[in-house]
Amino acid sequence: MGTLLLVHAHPDDEAISTGGVMMKAKAHGHRVVNITATRGEAGEIYNMDEAASRPRLGEIRTDELKTAGEILGVDRQEFLGYRDSGMVDTPDNKDPRSFHQADLGEAAGRLAVLMREERPDVVVTYAEDGVYGHPDHIKAHFVTNAALDMLEREGLPAKKLYYTAIPRSGMEEFMKQMPEEARRMQNPNMRFAGTPDEAPGLRGARQPKRSELVVCDDGKPDLRAGFRYRVFPARSRQSGPRAARTGPLRGDPLSSLS
Ligand SMILES: [Zn+2]
């Protein structure tokens, strides 16, 4: 049995981007640990009364996360204890309690405590672009890497680190098919670039043991089901996905969980 540890920013990210790999890991008898940095207090509300639910949105989303965890097979759920930083360029970004404002070393230290307890084989977090530029997703990327650096220095390296990403072609299709109304409501500062299709892996392997490339689904965006994420390993935790360039996708994300 191995341990899969995921670092997410908000409740719902675990289901949206990594639900498949979590369920698969669980079905194969592995331990699944989900760490969520915030309780999603600044999330956009579309399906509930804003005035009634806003003051307790963190609580509502914590309950939703608990339910999602039961379905996805989460063995342990933890929070890093920060506040949702909101979408890019919103006033919530400046809240001193926000994950975005958190000191990198301090946040990495909180995560490292959990990693030392769990000694994960495989760690999953966002690519450097935060999928669509959300400050908390980007922060999770850097905090996870900093925590892994701490563990490595202590002689406790994780076997592999994977990033979630959406292929650029899938993102472009999704944007094209987005209803006009949704397009208008969109925050103009959000960046929906996607990860280049031809470059889902990363160049400049610092640690070849993390080099295996992986796709968690068929890799083809299915627009009827919304866009799909790919999970790919970080060849170099220093260079990030923009430096990406490597060969064909292959392998299985769970192959390091033994
Ligand atoms: Zn999120």
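Helices here are DSSP runs of H or I with at least four residues, numbered from the N terminus. The views below come from a predicted model.

**View 1. The whole chain, from end to end.** Let's start with the overall picture: the protein has 8 helices and 6 strands, and its elements follow the order β-α-β-α-α-β-α-β-α-α-β-α-α-β from the N terminus. Of its 258 residues, 45% count as buried. Among contacts with a separation of 6 or more, 78% link residues 24 or more positions apart.

**View 2. Strand 1 and its covered faces.** Here, 6 of the 6 residues of strand 1 are buried. Thr3, Leu5 and Val7 lie on one side, with Leu4, Leu6 and His8 on the other. Side chains alternate between the two faces of the sheet in a regular strand.

**View 3. The two partners of strand 1.** Strand 2 runs parallel to strand 1, joined by 6 bridges, and leucine 6 stands opposite asparagine 34 of strand 2. Strand 4 (residues 122–126) also pairs with strand 1 in the parallel sense, over 3 bridges; in this pairing, leucine 5 faces valine 123. Follow the chain from strand 1 through helix 1 (residues 13–27) to strand 2 and you trace a right-handed β-α-β unit.

View 4. Helix 4 (residues 104–118) has 15 residues and reaches 21 Å from its first C-alpha to its last, close to the 21 Å expected. Its buried residues include Ala107, Ala108, Leu111, Ala112 and Met115. Residues three or four places apart on an α-helix point the same way, because there are 3.6 residues a turn. The cover over the buried residues of helix 4 includes strands 1, 2 and 3 and helix 6 (135–153). Just after helix 4, arginine 119 has a positive phi of about 45 degrees.

Notes:
Residues are numbered from 1 along each chain as its sequence is written. This is a predicted model: local features need pLDDT of at least 70, side-chain atom pairs count only at pLDDT 80 or more; totals for chains, interfaces and linings use all residues. Helices (H or I, at least four residues) and strands (E, at least two) are DSSP runs, numbered from the N terminus. The expected span of a helix is 1.5 Å times one less than its number of residues. A residue is buried if 20 or more other C-beta atoms lie within 10 Å of its own, exposed if 12 or fewer, and partly exposed in between; C-beta atoms are placed from the backbone. Two residues are in contact if their C-beta atoms, placed from the backbone, lie within 7 Å. Two strands pair if DSSP finds at least two bridges between them. A crossover is right-handed if, with the strands pointing away from the viewer, the path from the first strand over the helix to the second runs clockwise.
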